[in-house]
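Visitor: Please put the model up, and I will ask about it piece by piece.

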Amino acid sequence: MNLDIIWSCFLEQLANDQAILSVKKQNYSGIPFLYIEIKEEEDRFFLEKIIKTKSAYVMKGKRLHSETIFVRYEANLYVYRHRFYVPQEKMFCCGNICTDCIRLKK
């Protein structure tokens, strides 16, 4: 699964929202950060709701989950650490008769 496609769709969805003026993604030490500038009348909790709904939209039908952590803000610019995770569970049987084999799950 190519996460670059997920990220580009996610950033496009965020940029199209009426409450958001600008959005960009920066990677520092391999960790993606979102820099989001919003309109003055909006608040942090409204922005987090937007991020959650937009990330749920791009993850729909895929085996992903996301994590968003508030970092800081300055005036109308909010910074979040946002990551998309691929599940780390076995998704197929390797034939080695493992105790956590996918065939044994109901």
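Visitor: In which helix do Glu48 and Arg44 both lie, and how many residues apart are they?

Guide: This is a predicted model, in which local features need pLDDT of at least 70, side-chain atom pairs count only at pLDDT 80 or more, and totals for chains, interfaces and linings use all residues. Residues are numbered from 1 along each chain as its sequence is written, and side-chain values use heavy atoms, with hydrogens and water left out. Helices (H or I, at least four residues) and strands (E, at least two) are DSSP runs, numbered from the N terminus. About one turn of helix separates Glu48 from Arg44: both lie in α2, and the spacing is four residues.

Visitor: How far apart are the closest N and O atoms of Glu48 and Arg44?

Guide: A salt bridge here is a side-chain nitrogen of Lys or Arg within 4 Å of a carboxyl oxygen of Asp or Glu. Glu48 and Arg44 form one, with the closest N and O atoms at 2.8 Å.

Visitor: Is Glu48 buried, partly exposed or exposed?

Guide: Buried means under 20% relative accessible area and exposed over 50%, with partly exposed in between (1.4 Å probe, protein chains only). Arg44 has a relative accessible area of 30%, so Arg44 is partly exposed. Glu48 has 25%, which makes Glu48 partly exposed.

Visitor: Which residue forms a salt bridge with Asp17?

Guide: By the rule above the count comes to two salt bridges. In the one with Asp17, the closest N and O atoms are 3.9 Å apart, and the partner is Lys54.

Visitor: How many residues apart in sequence are the parts that the pair of Asp17 and Lys54 ties together?

Guide: Asp17 sits in the loop between α1 (3-15) and β1 (20-28), whereas Lys54 belongs to helix α2 (residues 44-59). The pair therefore ties together parts separated in sequence by 37 residues.

Visitor: Is Lys54 buried or exposed?

Guide: Lys54 is in contact (heavy atoms within 4.5 Å) with Phe10, Gln13, Leu14 and Asp17, leaving aside its neighbours within four places in sequence. The relative accessibility of Lys54 is 17%, so Lys54 counts as buried.

Visitor: At roughly what angle do the axes of α1 and α2 cross?

Guide: Two packed helices are described by the angle between their axes and the distance between the axes. Axes are lines fitted to C-alpha atoms, for helices over the stretch in contact, and angles run from 0 to 180 degrees between N-to-C directions. Residues of α1 including Ile6 and Cys9 meet residues of α2 including Ile50 and Ile51. The axes of α1 and α2 come within 9 Å, and the crossing angle is roughly 140°.

Visitor: What is the order of the strands in the open sheet?

Guide: Strands of a sheet pair through backbone hydrogen bonds, either parallel or antiparallel. Two strands pair if DSSP finds at least two bridges between them. The open sheet has four strands with antiparallel pairing, in the order β1-β2-β4-β3.

Visitor: How many bridges join β3 to β4?

Guide: Strand β2 (residues 31-38) is joined to strand β4 (residues 77-85) by five bridges. Along β3 (residues 65-74), which runs antiparallel to β4, His65 has Tyr85 as its bridge partner and Phe70 has Tyr80. The bridges joining β3 to β4 number nine.

Visitor: Which residue takes a positive phi in the hairpin of β3 and β4?

Guide: This hairpin has two residues between the strands. The positive phi, near 60°, belongs to Ala75.
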